[in-house]
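User: Hi! I'd like to go through this structure with you, one question at a time. Could you start with a term we will need when we talk about packing?

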Protein chains: 2
Amino acid sequence: MFTTPRTRGVRHGVKGQARREEIVRAAIEVIAERGYRGASLAAVAEKVGLTQQGLLHYFPSKEDLLIGVLQLRDHWDAGDRDYVTDPATMAGLEGLVEANANRPAIIRTFSALLGESVTEEHPAADYFRHRYASVREAMIATLRQEWGDRLPSGLTPEDAAPLVIAIMDGLQFQWLHEPETFDMPAAFRAFVRLLDPKAVE
Amino acid sequence: MFTTPRTRGVRHGVKGQARREEIVRAAIEVIAERGYRGASLAAVAEKVGLTQQGLLHYFPSKEDLLIGVLQLRDHWDAGDRDYVTDPATMAGLEGLVEANANRPAIIRTFSALLGESVTEEHPAADYFRHRYASVREAMIATLRQEWGDRLPSGLTPEDAAPLVIAIMDGLQFQWLHEPETFDMPAAFRAFVRLLDPKAVE
DNA sequence: CCACCGTTACCGAGCGATCGGTAGGTCTTG
DNA sequence: CAAGACCTACCGATCGCTCGGTAACGGTGG
């Protein structure tokens, strides 16, 4: 799954690959708790029963570990979305938001990373810039497929796509701050109703 | 302006107050560059021509400095919004977003803080939770004043308020990642058009 | 089958830098 | 002359990372 399965000159076999993914999952958890800057390699290592130096064997630097985290997310995005109905439709998007509401750790991780990434020279800044570009593209296609060149409100898919993304990002922050009382899926459905008032039944 | 103008037992006079605000402004800049965790007291101190220990004279701990930053924002929110038309209307909100598009440093600071604040035990977590609560209240009042108990789309002000806030937060992240090409005010206006399609002229 | 050997998978020790914070001083100012 | 406004000196902790190992694993030739 990792495009370049080599670190520090050492190539990792299948077993090493599994270990790497285990480490990345631990890193995701630690970043959810402390953010990227606050996440120490030692804390990640401890979660998988390694010393910090042992971890460095798999990811030669902290930034490389972050890249691993980002790549794993890309991998998820690209492949297995069995847990959610096809997101390339509006109903699919609602399902995605609903699924997200059950994965607070991952959402927390990437919300924290998104926040950090606006600071200068953050190693994830490029990732999010490119991600926004590609996600907007995909969203435009989804909207066009759903409604054609004009949404019921009169907006073009190009106009609406950034709004859908902004809503999803923004709702996550409100939800993360009040996970028990804030109904993120319901709020998102309300937004979809905004996009197409006639769809109310 | 600061509710408790005493630190470490020392009370600060008017001159000290001015120095404190100067320090807070410097802190806002540094946080915009490195985030809260990445912001070092030494970096903030240097910006105002102090040593790190000299800064500690005004703010006895890093967290106290953060509180100062948060209080200054509250102070701004409460008072002088001469730079923007009354935000308690939809047109006012559009003006606010436009104004924000001209203050990248502050927006960057608070977007970074918002992101960090979703991590565990972050000192700004409570601030954002309470802020969301009060901002939502204010937004509900604004929406109700503008449209009454039902928006043109059929949504209640209670349903729509979190969406407006999410849009504002979410658009900021997209804008911060592409300040030159992403037209945040235009995107927000598109959203307002979503809220009231008839208002298109 | 087994001896050999390179690769993989780690760990102990430690380094230099930086961090937030303390203790205690000196100069200045009202 | 007290209090405010600093600074020097320092501390313990933590950070990412390097160096230099050792031990297990796995393919390969005899």
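Analyst: Happy to! Two residues are in contact if their C-beta atoms, placed from the backbone, lie within 7 Å. Please keep in mind throughout that this is a predicted model.

User: Thanks! Which elements of chain A do the buried residues of α5(A) pack against?

Analyst: Let's begin with the residues themselves: in helix α5 (residues 90-100) of chain A, the buried ones are Leu93(A), Val97(A) and Asn100(A). Viewed down the axis of α5(A), these buried residues fall within an arc of 60 degrees, so they line one face of the helix. An α-helix has 3.6 residues a turn, so residues three or four places apart point the same way. The partners that the buried residues of α5(A) pack against are α6, α8 (157-177) and α9 (184-195) of chain A.

User: Is Met184(A) buried or exposed?

Analyst: Met184(A) sits in helix α9 of chain A. Leaving aside neighbours within four places in sequence, its contacts are Val97(A), Ala101(A), Leu171(A) and Trp175(A). The cut-off for a buried residue is 20 or more other C-beta atoms within 10 Å. Met184(A) has 22 C-beta neighbours inside 10 Å, so it counts as buried.

User: How far apart in space are Met184(A) and Ala101(A)?

Analyst: Along the sequence, 83 residues separate Met184(A) and Ala101(A). From C-alpha to C-alpha, the distance between Met184(A) and Ala101(A) is 7.0 Å.

User: Stepping back, what pattern does chain A follow along the sequence?

Analyst: Chain A has nine helices and two strands. Of its 201 residues, 39% count as buried. Among contacts in chain A between residues at least 6 apart in sequence, 55% join residues at least 24 apart. Read along the sequence, the pattern of chain A is β-β-α-α-α-α-α-α-α-α-α.

User: Over which residues of chain A is the pLDDT below 50?

Analyst: For chain A as a whole, the mean pLDDT is 91, and 89% of its residues reach 70 or more. Where pLDDT is low, the predicted coordinates should not be read in detail. The stretch with pLDDT below 50 has seven contacts in the model beyond near neighbours in sequence, and it covers residues 1-6 of chain A.

User: Now to the two chains together. What relation does the rotation that superposes chain B on chain A have?

Analyst: Chain B is superposed on chain A by a rotation of 180 degrees with 0.0 Å of shift along its axis, and the RMSD is 0.0 Å. This is therefore the relation of a two-fold axis.

User: Which residue of chain B comes closest to the rotation axis?

Analyst: The distance here is taken at the C-alpha, and it comes to 1.9 Å. The residue of chain B that comes closest to the axis is Gly115(B).

User: Which element gives the most to the side of chain B that touches chain A?

Analyst: The contact takes 42 residues from chain B and 42 residues from chain A. On the chain B side, the elements that give two or more residues are α1 (14-38), α6 (104-116), α7 (125-147), α8 (157-177) and α9 (184-195). With 13 residues, the element that gives the most is α8(B).

User: How many residues on the side of chain B that touches chain A are nonpolar?

Analyst: Of the interface residues of chain B, 100% are also interface residues in chain A, so the copies meet through the same surface. The residues on the side of chain B divide into 10 polar, 11 charged and, as the nonpolar share, 21.

User: Which residues touch the most other members of the largest nonpolar core?

Analyst: That core has 107 residues. Take Ala27(B), one of the residues you are asking for: not counting residues up to four places away in sequence, it touches Ala39(B), Val44(B), Leu65(B) and Val69(B). The residues that touch the most other members are Ala27(A), Ile31(A), Ile167(A), Ala27(B), Ile31(B) and Ile167(B).

Technical notes
Residues numbered from 1 in each chain as written. Chains lettered and ligands numbered in written order. Predicted model: local features only at pLDDT ≥ 70, side-chain atom pairs only at ≥ 80, totals over all residues. Helix = DSSP H or I, 4+ residues; strand = E, 2+ residues; numbered from the N terminus. Nonpolar A, V, L, I, M, F, W, Y, C, P; charged D, E, K, R; others polar. Least-squares fit on C-alpha atoms with pLDDT ≥ 70 in both. Buried ≥ 20, exposed ≤ 12 C-beta atoms within 10 Å, placed from the backbone. Arc of directions from axis to C-beta. pLDDT = per-residue confidence, 0-100. Core = buried A, V, L, I, M, F, W, Y, C linked by C-beta atoms within 7 Å.
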